Amino acid sequence: MGLFSMTKTVLKSLFNKPATIRYPAEPAKRFEGTRGQMEIDIDKCIFCGLCSKHCPADAITVNKNERTWSINRLWCICCNSCAENCNKDAIYQTNVYHAPIVAGETDVDVYQGKPVEEKPASAEEKAA
Amino acid sequence: MAGRIVVPFGPQHPVLPEPIHLDLVLEDERVVEAIPSIGYVHRGLEKLVEKRDFKDFVYIAERICGICSFTHSVGYCKAIEAIMDLQVPERAQYLRTIWSEYSRLHSHLLWLGLYADAMGFENLFMNAWRIRETILDAMEETTGGRVIQGVCKVGGVRRDISDAKLKEMTAKLDSIGGEIEDLCHVFFDDASVKHRSVGVGMLSKEDAHKLGAVGPVAKGSGIALDLRQTGYSAYGSLDFKPIVETGCDCYSRCIVRAKELAQSVDLIKQAAANIPAGDIEVKVRGNPDGEYFSRVEQPRGECIHYVKANGSKNILRERVRTPSSANIPPLVKMLEGCQMADVPVIVLSIDPCIGCAER
């Protein structure tokens with residue numbers, strides 16, 4: 001009968017546990033392949049700028065002279081394009097979302113690379 | 001005769017998921033004319049194609065719509081692949097089909113929920129969205145994203161689904177199949193659903209054809225227009241028939257979508273059973289040179305991606321015709337002569353997605 005077509009579902013829902021999660025108290029669902037925030041192993045980075053060139057959201061800025069790699073966390077769309085285009089496999093994606101950014105906090109994360117190591121002087125130079 | 005008044009409806013309205021504005025010309029409670037206007041969420045995504053590498057534009061094409069995102073990326077990739085004459089591996093084609101059908105499931109469940117909400121059937125809305133959550137979980141597990149998948153790329157797909165995972169997914173679909181059936185049963189038979197939608201928003205077959213309706217709007221008016229029959233991706237090797245209803249009202253459009261849920265489940269099972277082993281992508285060399293019209297079937301109907309390239313890595317022009325923009329003229333026709341109280345139901349019945357209509 002048309003009026004009571006939901007009775008079965010209603011009875012089932014009465015005895016089932018809630019479909020929702022009490023989020024901050026319980027952790028959110030997360031899968032191995034979930035697209036979360038991007039991370040960089042800055043020691044591997046050669047500051048070539050390919051990631052920033054291929055970023056659809058223009059979220060990445062690479063400064064070769066100052067040896068910094070920075071990402072705007074609010075602009076990043078977690079598409080993994082930078083990691084795919086990285087020749088040194090320095091960038092990788094995690095399955096964790098970035099924590100919310102509140103007023104007063106900066107939305108740009110800056111990573112500082114090690115300064116370029118000076119080449120050790122060769123034996124000839126020492127002799128001279 | 002009563003004087004005419006104009007009632008603005010939208011862009012902000014409790015039933016509207018997206019900003020469309022309608023000026024409703026009323027005579028008492030009867031709508032004489034509806035004048036639509038859009039332009040609230042234009043983002044200029046088509047222009048961006050000139051600034052981005054053609055391979056990177058897939059990410060942007062996917063973000064044209066937040067619901068039928070995967071089909072947009074398939075449409076764009078299909079155009080580029082046709083221009084560059086790339087042979088996409090069979091396995092990738094099947095995976096694209098599986099994900100397209102998953103996105104159809106999630107889009108239709110979302111719509112059924114919103115439609116129930118527009119009728120004031122809050123309980124049904126919650127139930128539809130509860131089922132949708134399991135579909136989104138399957139998407140997140142296999143692609144990494146709930147609604148924006150990001151797995152389709154020029155030349156194939158980015159991620160593979162293992163055979164064990166495919167079996168698990170089909171088993172899961174079997175178990176939620178019963179729940180979907182119970183849900184559809186409410187839409188098919190419930191007295192309040194029928195009361196609110198039978199005979200409301202009539203669009204005759206001739207009008208649907210003349211005004212260029214697509215997707216469930218056309219199918220609900222008796223036109224068997226389903227682009228999946230052209231056999232793109234792996235649809236050519238799967239067995240299905242477009243679902244057609246002849247009621248021409250909101251109820252028929254609702255039934256088409258409810259029946260398409262079962263059809264999508266069946267298509268996913270067929271694809272999972274027949275998927276061949278092999279590569280999931282081909283290497284893309286060079287740049288596209290040429291133009292192509294690619295047509296794909298989205299949950300809302302036919303979507304066209306036109307791509308024109310001149311051999312550089314940036315594409316000259318991309319034009320997208322989304323199903324919602326095609327369905328606005330039929331909507332105006334449906335609204336003529338309806339009651340003011342039926343307007344939310346009728347507007348919802350075309351499944352308006354103004355975000356992608358404006359891009």
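This is a predicted model: local features need pLDDT of at least 70, side-chain atom pairs count only at pLDDT 80 or more; totals for chains, interfaces and linings use all residues.
In chain B, three strands form an open sheet. Their order is β1-β2-β3, and the pairing is antiparallel. Strands β1 (4-9) and β3 (30-37) of chain B stand at the edges. Each has a single partner strand, so one side of each is left without a neighbour in the sheet. From one strand to the next, the twist averages 20°. Strand β2 (residues 21-27) of chain B is joined to β3(B) by 7 bridges. These two strands run antiparallel. Within the pair, D23(B) stands opposite I35(B) of β3(B).

Chain A also holds an open sheet of 3 strands. Here the order is β2-β3-β5, again with antiparallel pairing. The edge strands of this sheet are β2 (60-63) and β5 (108-112) of chain A. Each of them pairs on one side only. Neighbouring strands are turned against each other by 15° on average, direction ignored. Four bridges link β2(A) to strand β3 (residues 68-72) of chain A in the antiparallel sense. Across this pairing, T61(A) faces S70(A) of β3(A).

Two packed helices are described by the angle between their axes and the distance between the axes. In chain B, helix α4 (residues 122-143) packs with helix α5 (residues 163-189). The angle is about 165°, and the axes lie 11 Å apart. Because angles over 145 degrees count as roughly antiparallel, α4(B) is roughly antiparallel to α5(B). The crossing of the two helices is left-handed. From α4(B), the contact is made by L124(B), N127(B), A128(B), I131(B), T134(B), A138(B) and T142(B). From α5(B), the contributing residues are K165(B), M169(B), K172(B), I176(B), E179(B), I180(B), L183(B) and V186(B). By class, the residues of this contact divide into 9 nonpolar, 3 polar and 3 charged.

The two chains also touch each other. In chain A, 17 residues are in contact with 22 residues of chain B. The chain A side of this contact comprises 6 nonpolar, 8 polar and 3 charged residues.

Conventions: Residues are numbered from 1 along each chain as its sequence is written. Chains are lettered from A and ligands numbered from 1 in the order in which they are written. Axes are lines fitted to C-alpha atoms, for helices over the stretch in contact, and angles run from 0 to 180 degrees between N-to-C directions. Angles under 35 degrees count as roughly parallel, over 145 as roughly antiparallel, 65 to 115 as roughly perpendicular and the rest as oblique. A crossing is left-handed if the near helix is turned anticlockwise from the far one by less than a right angle, and right-handed if clockwise. Two residues are in contact if their C-beta atoms, placed from the backbone, lie within 7 Å. Ala, Val, Leu, Ile, Met, Phe, Trp, Tyr, Cys and Pro count as nonpolar, Asp, Glu, Lys and Arg as charged, and the others, Gly among them, as polar. Two strands pair if DSSP finds at least two bridges between them.
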